[in-house]
Amino acid sequence: MGISLRSRWVFLPLVLALGAVSLYFLRLSITQEPQPIPEAPAPPEKKGPIYKDTHREIAPPLPEYFPIAAKANTPSDLPPVPSWNRPPEEHVPESTRLYIGFTRFWPLLQQVVVSYITAGWPPEDIYVVENTGTMDANKRGLLTIQNPFYMDYHRLTKLLGVNIITTSSLQTFAQLQNLYLSEAINNNLTYYFWSHMDVAVHSHEDKEDFKSLYMRVVDVIRETKNSDYLLDKETGRKGEWGVQFFAYDWLTMVNVETFARLGGWDTMVGYYGTDCDMYSRLSMNDYHQPVQDAGMVYDVTNSLEDLEVLYRRQPKNDKEARDTSDHKAGSVNSTIPSPNARYLDSTEPDTINSTLFHDLKATLEQIQQDKRDDKYRNSWQLRQNGGEGEPYYYDPDGFEKALQMTIEVGTKINEEKWGHKGCDIKAAGVKEGDQWRVEHDGTFDKRKMKRRWF
């Protein structure tokens, strides 16, 4: 049966309505921007520190700079001090206590001690002040040679015969100086000597009227005790001395009473600049600071390859050495030879002012020049970076960074103390009593001040 025309018109509105709705949704889908696909949620941020790249190559182990000592069992296994430098068998009446501070780099400490001994200084008068902050670790042999704070306690005390004082904690340079002063006061000393550890010394063998470095130092002591020492003949006024310099303060004689009267070293100025402060205050208070010459004192950055050269031995001729060796080998009463017996038997003492002496002098001069040419003259302090896991370990890079920060703070404190930048404090016009009371002078206007390294 067919659909009538009238029935068809009934469906027309419905068809039109469906078309309109379809057209609307079609236009809507075209004009709307597409919705982005939602991203996956980001992982939660990790909490905690961000670490620096601290990878570093561990430096190779230090060589043995004193092979004879490494093989020695007793002091007699070491070569004797050169005869011309040997101290008197009976100690001089004067006290000759010498303090040498040590923090890092054992080879230089060993060298300075051996050089003083071979220049005539009695080992029993030498006091190494162990300022490593490692308590008794070195005494107990708990540190390895690549640890910056390592030193051979046994070699120093049992073979070389020197004394060791161990600080309870790490001291600054100024604190160490006050420790020397305190030790001197407690031992009723009127004066004492101290030396930097990064020096090497020897006597003036090439000068007339030879005396060892040690005996020339004794002469200076005796000179200071003369009744007419520093006496102004015109006024009759007797001056007082504060320090006796031997090559600046690389080797120094200190007047205990004078330093105590001025309050010792300013420990707020821990490192660079503290000497400028101390010696300026001596000058402001009219204390003399004479410069003396007892021998050569070299500012060094490295050790001699073999410290045996300081003992000045030379080979015997082949026949003499062989005869000596055969005689000892055939001796009925021979005892077990020392580890170095063959060496000692095959060598003989050198002579004063010899070719060996001038070779040694040239070598030390070159080492000193190398230090002067080094942009960072104390680079020797950075040659050991091991020791991790050992007692009282301190990260070597962190130690150096903290040290430099401490140095910088101390330098600024000294500048504020005197209102002046530089070591020429007295020349700036200030006097004793002006500390912390003066405004900044013109040196603060300069943007770049040359840093003073000692």
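Arg261 is partly exposed, because its relative accessibility is 42%. Its side chain forms a salt bridge with Glu240, and the closest N and O atoms are 3.3 Å apart. Keep in mind as you look around that this is a predicted model.

**Salt bridges**

- Across the whole structure, a search finds 19 salt bridges.
- Glu240 counts as partly exposed, because its relative accessible area is 39%.
- Now find Lys371 and Asp198, whose side chains meet in a salt bridge at 2.6 Å, N to O. This pair links distant parts of the chain, 173 residues apart: Lys371 belongs to helix H11 (residues 355–373), and Asp198 to the loop between strand S4 (191–195) and strand S5 (199–202).
- Are Lys371 and Asp198 buried or exposed? Both of them are buried.
- Another salt bridge joins Lys412 to Glu408, with 3.6 Å between the closest N and O atoms. These two residues are 4 apart in helix H12, so about one helical turn separates them.
- Lys412 is partly exposed, with a relative accessible area of 46%, and Glu408 is partly exposed too, at 43%.

**The disulfide**

- How many disulfides are there? The count comes to 1.
- The disulfide is formed by Cys276 and Cys423, and their sulfur atoms are 2.0 Å apart. The pair links distant parts of the chain, since Cys276 is in helix H8 (residues 274–284) and Cys423 is in the segment after helix H12 (396–418), 147 residues apart.
- The torsion about the S-S bond of Cys276 and Cys423 is about -105°, so this disulfide is left-handed.
- Cys276 has a relative accessible area of 5% and is therefore buried, whereas Cys423 has 25% and is partly exposed.

**Helix H6**

- Why does the length of helix H6 (residues 213–224) make sense? At 1.5 Å a residue, its 12 residues should span 16 Å, and the end C-alpha atoms are 17 Å apart, which agrees.
- H6 is mostly covered, with 9 of its 12 residues buried. Among them are Leu213, Tyr214, Met215 and Ile221.

**Strands S2 and S3**

- S2 pairs with strand S3 (residues 163–166) in the parallel sense, over 4 bridges. Val129 has Ile165 in S3 as its bridge partner.
- On the way from S2 to S3 the chain passes through H4, and this β-α-β crossover is right-handed.

**Two backbone angles to spot**

- Here is a handy background point: most residues other than glycine have a negative phi.
- Met135 has a positive phi, near 50°, and is not a glycine. You can find Met135 in the loop between strand S2 (126–130) and helix H4 (153–159). Met135 counts as partly exposed, because its relative accessibility is 38%.
- Arg312 also has a positive phi, about 60°, although it is not a glycine. Look for Arg312 in the loop between strand S11 (296–299) and strand S12 (313–315).
- Is Arg312 buried or exposed? Arg312 is at 4% relative accessibility, so it counts as buried.

Notes
Residues numbered from 1 in each chain as written. Predicted model: local features only at pLDDT ≥ 70, side-chain atom pairs only at ≥ 80, totals over all residues. Heavy atoms only, no water. Expected span 1.5 Å × (residues − 1). Buried < 20%, exposed > 50% of the residue type's maximum accessible area, 1.4 Å probe, protein only. Disulfide = S-S within 2.5 Å. Pairing = 2+ DSSP bridges. Right-handed = clockwise from strand over helix to strand, strands pointing away. Salt bridge = Lys/Arg side-chain N within 4 Å of Asp/Glu carboxyl O.
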